[in-house]
Amino acid sequence: MKKFILLLVVIILLVAAYSLSAQTFIKITDPSNPIATTPMAGNYSGAAWIDYNNDGNLDLFSTKSLLFKGDGTGGFESINTSIGIEIGGQSNGPTWGDYDNDGDIDCFIAGNPSRLYRNNGNGDFTAYLKGDIGPDGDIRGWASSWADVNNDSYIDLFVTHPAGFVGGGPTPCHFFINNTDGTFTENFDYQFSIELAPYTTATWYDYDFDGDVDLFIGSGPAGTPAVDRLYQNMFTETGTASFERINTSPIATDLQDGQVWNFIDYDNDGDLDAYITNYSGAINRFYRNDNGTYVSLNNALTIAGSHLSNSWGDFDNDGDQDVIVTHESGNLYFRNEDGTFTNNTIAFTVSGSTRASAIGDYDNDGLLDIFFSGTGDAAGLFQNITENENNWVQFDLRGTVSNRSALGTKVKLKATINGNSVWQYREINAQNGFNSQNTLRVHFGLDDASIVDSLIVIWPGGITDINTNLSVNEFHLFTETIPAEFLRADFVADKTEGIGSPLTVQFTDITIVDQNNPITGREWDFDNDGTIDATEQNPQWIYNSIGTYTVKLTVQNAVSSDTKTKTEYITINRLPGYPIITYEDPLFSDTTVFTGARRLFTVSALDTSEYNITYRWILNGTLKDIDSNYNYMALGFIPTPAPRTDTIIVEISNGYNSIYRTWYVNVISTTDAEDITTNIPNQYALEQNYPNPFNPSTRIRFSIPTGELVKLKVFNILGSEIATLLDEYKMAGVYEVEFRPADLKFLPSGFYFYSLRAGKFSETKKMILLK
């Protein structure tokens, strides 16, 4: 009996120990942590791990506007910025990268509208409002991703637009080429920038190892399978970044409900395998790369369900990349052990809907943690609490000849793991999941390896750096080697726009130069007049007049010289005034609409300082349109059943100052127009209402000989519309509509007019309300 009890105790302890080790992640609920207490967006919003202030610690960004500064030990501070304030939309996919190579990582957010925010380096951000990528361009989108598509050292931008899933009319994707001078040009040359499709999330990988990044767009129509949009970048082959549709079977021919493509070397054999999460129209698919040929596999990852994100990392530091998959009903963790995946069903013990998933080691303990956007307990920050003795190493990479964020850089690491020489592979990207971005810091799990034998860094600019015998369980910083005699002029300004003169601008020389041939001279021309205005490295300049200025820097060393010109780089605007409304309809703040009817709200405005005007229509707190008019429809049961009052607000802005106009729409129920005869009339007619005078209700009969869009409205004696009784297509027939002004308590006794418009027919009659 004693032996049996002892055996039972051992079994219980083993089970408890297994459960403890298997419980890989724990949700952070500490009330002192603002990530745990701040309400997050519940739509298809995104997240990213970044180091926005260059202090070496990971910070968390959660769209649309939540920034949390990390202290490297697990603590966070909520930071107020101007990011995302004006952005709406069902989805807000962020991507972070240093587009101007000034050393501060910048932010773009896809949405309705989308917006680019420049990191000023002082803890604040400025919305980029110029050119194709500014507010004048219709760049509404779902997700976004930075990449250097032409290896010119400046990152370019891709914004997906899923037709039918973003407010306003559908558009293709938006592809912006970085002009290297702080501006962008939208490109319309390719299928994805011409054709409409349900483009969802775009990721960039050099899947064919030819030296340029290729484009993979999950294009899931959310229920109906179709082929995804995959494109090979032909830059290496032709010298120009151009894109050809990939037709290779099976990755380009299988029908998908595609959300996110990721290319990873899951089996450490030196080539890139592929995994795609699908929504409900197809199962998730896994493709093994067999020497350039992709083979579709069936394993634990190829499952059905409403899956969105897949995020790869070595969560247990055993030398194999694992994956976490988000789902409309929770999240899944699949552990990779020597190429075999096992679903760890107790890694996450909370329920809810998860969408974006961003990976980063926020507490610097060598274990990859994860943040989920979504709803319910499954969303939030989860700390990796795996307990083992496995080693790890992490690398921060800074480009010089290549782009500063090192996007597109390939990292190969060799270490001796369990007695075997193992090569691992990573590639740095600015979009790794569904509307989400992992840290740009490169992480490797090393199991029992006590040293990194070799590290090969292949930069997109063509430089390869090799390091050997690196220590483990540490963070290493590597900067791209600058070739002999290399010289590339460049500069940035602390501000590129100002209001009113004088404006003082601080310029910084960020020229990349071979340190063995340092710069010997500089010539600055701050207004492109051909006169040398300064010769120091980082000068200040005062602009005394309103206008737009082109800035030029020429640098020389003992070997060569180079010039950087930024056209229309500095803009000093006149002091802003306020918009003035010149036309509005309806005129009165209170209007009444019957359920099912539509009402067009219109405003026109001019700005006293001649700035461009923008409009934002907000219904009950939700952004609905950005045009000068809004076609409102009185739904019967949304947000609450009629009778109710909807609030419509239009914000009219010149980019600096805004004014607002508010309407209160009384939504009341009405009887549908009744077809009172089977005979088809041979002419249009609007009959006198009966009874007339009336109280509390009257009926209006009309006839239409052909099917038409019919509008029946009621006006007061001033001509102001007080009710829309009908606004819909009707077949030929004779109809009656009941008008019940008892529901319109604010109507006084008196004369009213009812007007019928059907096709080209229009007629108005008078009626009398007696109370």
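Trainee: What is the volume of the second largest pocket?

Mentor: About 490 Å³, where volume means the space filled by probe spheres set on grid points joined across faces, edges and corners. The model is predicted, so local features need pLDDT of at least 70 and side-chain atom pairs 80 or more, while totals for chains, interfaces and linings use all residues. Residues count from 1 along each chain as its sequence is written, and side-chain values use heavy atoms, without hydrogens or water.

Trainee: What makes a residue part of the lining of a pocket?

Mentor: On a 1 Å grid over the protein atoms alone, a pocket is an open set of points with protein on both sides within 12 Å along at least five of seven lines, and a lining residue has an atom within 4 Å of a point. Here 19 residues line the second largest pocket, and D51, N54, D396, L397 and R398 lie nearest its centre.

Trainee: Which strand gives the most to that lining?

Mentor: Strand 31, with 3 residues. Strands are DSSP runs of E, at least two residues, numbered from the N terminus. Strand 31 covers 391-398, and strand 3 (47-50) also gives two or more residues.

Trainee: How do you know that strand 49 and strand 55 pair?

Mentor: Pairing takes at least two DSSP bridges, and 5 join strand 49 to strand 55 (658-668), running parallel. V593, for one, is bridged to V667 in strand 55.

Trainee: Why do strand 49 and strand 52 stand at the edges?

Mentor: The open sheet runs 49-55-54-51-52, with mixed pairing. Strand 49 (590-594) and strand 52 (622-625) each have a single partner strand, so one side of each lacks a neighbour in the sheet.

Definitions and conventions:
On a 1 Å grid over the protein atoms alone, a cavity is a set of points where a 1.4 Å probe fits but cannot get out, and a pocket is an open set with protein on both sides within 12 Å along at least five of seven lines; lining residues have an atom within 4 Å of a point. Helices (H or I, at least four residues) and strands (E, at least two) are DSSP runs, numbered from the N terminus.
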